[in-house]
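Subject: Structure for you to look at

Hello,

Here is the structure we talked about.

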Amino acid sequence: MNFNIERLRKTFGGLVAVNDVDLTVQEGTVHAIIGPNGAGKTTFFNCITGIYPPNSGAVVFNGEHLEGLPTHIISRKGIARTFQNIRLFRYMSVLDNVMVGAHQLTKYFLWSLAIRSQRFKREERDIREFCLHLLEKIGLVSKQHDFASSLPYGEQRKLEIARALASKPQLLLLDEPAAGMNDRETADLKNYIVSLREEGYTILIIEHDMKLVMSLADTISVIDYGVKIAEGTAAEVQTNELVIEAYLGKGGVK
């Protein structure tokens, strides 16, 4: 997997939200993006995944340019994401929420669905088994028939990640997955992300929980007012004067 951002720029009228940002994500790593609220981090994700077309620059994934492509095509090419605000189908079952994420993997035609052909049944069975495996990994297989809305907050967050993984991505984008979690939920999330990295997933994460970021990320990029001001390991970023001034403060990570 190769993923490179080259001088990505996004403006809204006179506001420059992402200002000529370069980024390279190494395969099999957790790469974190941090910065103050309003720094342009989520806009950066939205440009990568086709929600916003960038004004200029390049998004290159496995040698292909993605800028300007619609979101569903980008997803099919192997990039999946979660959002700041949980976007589950609240009154669908836990299992059905994950299976929705696997929909793009199907190869049967509409007529196969209409007549419930053997090919349709075989693919649906395989997808169901794969999605149950994902639920087992996050400890939710026993709740597969429950409404997604009935889950505690931390489990809803993990369910959203499982749904993203159902599309079998090469690159997983997580937008503030620990937002609103208590310490126990955050620890469970960290263990889950570590297990994904050990399985070979490549993860790009936006997060404000600095304890989580510093203990998890292989590489950290810092964005402030749309500009990447620093990049490096946790130790390098924590001692960078620009980062301390813009985000961490003199007290550093608590």
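The notes below go through the domains, their interface, and then some details inside the chain.

This is a predicted model, so local features need pLDDT of at least 70, side-chain atom pairs count only at pLDDT 80 or more, and totals for chains, interfaces and linings use all residues. Residues are numbered from 1 along each chain as its sequence is written, and side-chain values use heavy atoms, with hydrogens and water left out.

Domains

The chain is divided into domain 1 (1-78 + 169-253) and domain 2 (89-167); such bounds come from an automatic or database domain assignment. The C-alpha centres of domain 1 and domain 2 are 27 Å apart.

The interface

Between the two domains, 18 residues of domain 1 are in contact with twelve residues of domain 2, where contact means heavy atoms within 4.5 Å. The size of an interface is often given as the accessible area lost when the parts come together. Here the area buried between domain 1 and domain 2 is about 1,300 Å², and carbon and sulfur atoms give 61% of it. Buried area is the accessible area (1.4 Å probe) that two parts lose on being put together, summed over both.

The rule finds one salt bridge across the interface of domain 1 and domain 2. A salt bridge is a side-chain nitrogen of Lys or Arg within 4 Å of a carboxyl oxygen of Asp or Glu.

Which parts of domain 1 touch domain 2? Helix 2 (71-76), strand 7 (171-175) and helix 7 (183-198) each supply at least two residues of that side. Helices (H or I, at least four residues) and strands (E, at least two) are DSSP runs, numbered from the N terminus. Helix 7 gives the most, with five residues. By class, this side of domain 1 has ten nonpolar, two polar and six charged residues. Ala, Val, Leu, Ile, Met, Phe, Trp, Tyr, Cys and Pro count as nonpolar, Asp, Glu, Lys and Arg as charged, and the others, Gly among them, as polar.

Salt bridges in the whole structure

A search of the whole structure finds ten salt bridges. One of them joins K143 and E155, with the closest N and O atoms 3.0 Å apart. K143 lies in the loop between helix 5 (118-137) and helix 6 (153-165) and E155 in helix 6, so this pair ties together parts that are twelve residues apart in sequence.

Backbone

Most residues other than glycine have a negative phi. R7, in strand 1, has a positive phi of about 50° although it is not a glycine. E176 also has a positive phi of about 50°, and E176 is found in the loop between strand 7 and helix 7.

Regards
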